[in-house]
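Here is a briefing on one protein model. Look over the sequence and the fold before reading on.

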Amino acid sequence: MNKKRIGYACIIGPTNAGKSTLLNTIFKKKISIVSNKVQTTNFAIEVVKYHKDNKIIFIDTPGLYNKKNNTNFLNDVNVEVKRADVIVIILDISIHLFYEEILEKIIKNTKKPKILVFNKIDKVSQEFAIEQINKSKFVKNFDEIYYVSALKNKNINNLLDGIVARLPEGDFENSINFETNISKDVFFSELTREAVFKYLNQELPYQIYVKTYKFEKENRNYKIYQNIYVKNDNHKKIVLGKNGSVIKKIGISARKEIEKLFKHKVSLFLDVQTTKQWPGVMKATY
């Protein structure tokens, strides 16, 4: 039997380095939500990519967002590193030096292949990029370095080739066959959470969770019911906005994104609730 390469590639990086944008570009559709809010991705996402008859199972991990209090980040990421075949660290080329010490803790104890991705090269000059890299001893930890623009789809295929080259050989017959480990209900919830961040990025903490609790089909129209959970009444007022103006914008934005992916007309019903079970809502939702 002709062997193909198949395995797990764990993507690690700081908040806003472009992990979610990279995945969305690779798959040419929305896979992971994007915002400027810290730790937008708050649980590991698995998604399968076929590249030149090979199979990459990407693991997108929560982003590093705090230089000092990073114990939870390290614990969560180390779990995924143990089962990965290739470690992919993605950094914003303009600010990568800030996180090197923390990220080095993850990779120093593993002999697995390691790839470093400098993202957002479209935003800096070649001279600046060279200067940044020359400052860093961190780059010596990696088997290969790629310079990409996830937003502009620059050098992405070269990166995929590099990942595949470091995956083990295996048989597809005995491998996982799902596209992603995220159910539709959870992904619909994520799209609404993205819309919340879009309109309330500075006003609201990242600790906000959305749960899809009912899904109905009526003729050609789909009805989706969701709860938006916040921590207190002040946050609830912010999400609702004056006379419901903000929640209306959130609902319209989320509905349009769901319709793009679902390719059906959708009616989206949102309710904002406070909860004292924090962060238990996250466990119930995801």
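Two strands pair if DSSP finds at least two bridges between them. Strand 8 and strand 9 (residues 221-230) meet that test: they pair in the antiparallel sense over nine bridges. This is a predicted model, in which local features need pLDDT of at least 70 and side-chain atom pairs count only at pLDDT 80 or more, while totals for chains, interfaces and linings use all residues. Residues are numbered from 1 along each chain as its sequence is written, and side-chain values use heavy atoms, with hydrogens and water left out.

**Overall make-up**

- The protein has nine helices and ten strands. Helices (H or I, at least four residues) and strands (E, at least two) are DSSP runs, numbered from the N terminus.
- The protein has 286 residues, and 52% of them count as buried. Buried means under 20% relative accessible area, exposed means over 50%, and partly exposed lies in between (1.4 Å probe, protein chains only).
- Among contacts between residues at least 6 apart in sequence, 74% join residues at least 24 apart. Contact means heavy atoms within 4.5 Å.

- Three strands form an open sheet in the order 8-9-10, with mixed pairing.
- Strand 8 (209-218) and strand 10 (265-274) stand at the edges with a single partner strand each, so one side of each has no neighbour in the sheet.
- From one strand to the next, the twist averages 20°. Axes are lines fitted to C-alpha atoms, for helices over the stretch in contact, and angles run from 0 to 180 degrees between N-to-C directions.
- Glutamate 216 stands opposite lysine 223 in strand 9.
- Helix 6 (residues 184-200) packs on this sheet and touches strand 8, strand 9 and strand 10. The direction of helix 6 makes about 120° with that of strand 8.
- Helix 7 (residues 233-240) lies across strand 9 and strand 10. Helix 7 runs at about 155° to strand 10.

**Strand 4 and its partners**

- Strands of a sheet pair through backbone hydrogen bonds, either parallel or antiparallel.
- Strand 1 and strand 4 run parallel and are joined by four bridges. Alanine 9 has valine 86 of strand 4 as its bridge partner.
- Strand 4 also pairs with strand 5 in the parallel sense, over six bridges. Here valine 88 has isoleucine 115 of strand 5 as its bridge partner.
- Seven of the seven residues of strand 4 are buried.
- Both faces of strand 4 are covered. Val86, Val88, Ile90 and Asp92 lie on one side, and Ile87, Ile89 and Leu91 on the other.

**Nonpolar cores**

- A nonpolar core is a set of buried Ala, Val, Leu, Ile, Met, Phe, Trp, Tyr and Cys residues joined through side-chain atoms within 4.5 Å.
- The largest nonpolar core has 25 residues, of which Ile56, Phe58, Ile115 and Ile163 touch the most other members.
- Strand 1 (4-12), helix 1, strand 3 (54-60), strand 4 (86-92), strand 5 (114-119) and helix 5 each supply at least two residues of this core. Helix 5 gives the most, with five residues.
- Another core, of 24 residues, lies apart from it and includes Val77, Ile93, Ile102 and Leu116.
- Isoleucine 115 touches residues including Val86, Val88, Phe142, Leu159 and Ile163, not counting residues up to four places away in sequence.

**Helix 1 against helix 5**

- Helix 1 (residues 19-27) and helix 5 (residues 156-165) pack at about 95°, with their axes 11 Å apart. That makes helix 1 roughly perpendicular to helix 5. Angles under 35 degrees count as roughly parallel, over 145 as roughly antiparallel, 65 to 115 as roughly perpendicular and the rest as oblique.
- Leu22, Thr25 and Ile26 in helix 1 meet Ile156, Leu159 and Leu160 in helix 5.
- By class, this contact has five nonpolar, one polar and no charged residues. Ala, Val, Leu, Ile, Met, Phe, Trp, Tyr, Cys and Pro count as nonpolar, Asp, Glu, Lys and Arg as charged, and the others, Gly among them, as polar.

**Exposed residues and positive phi**

- Most residues other than glycine have a negative phi.
- Lysine 28 has a positive phi, near 60°. Lysine 28 lies in the loop between helix 1 and strand 2 (45-51), and counts as exposed at 70% relative accessibility.
- Asparagine 243 has a positive phi, near 55°. Asparagine 243 sits in the loop between helix 7 and helix 8 (245-262), and is exposed, with a relative accessible area of 80%.
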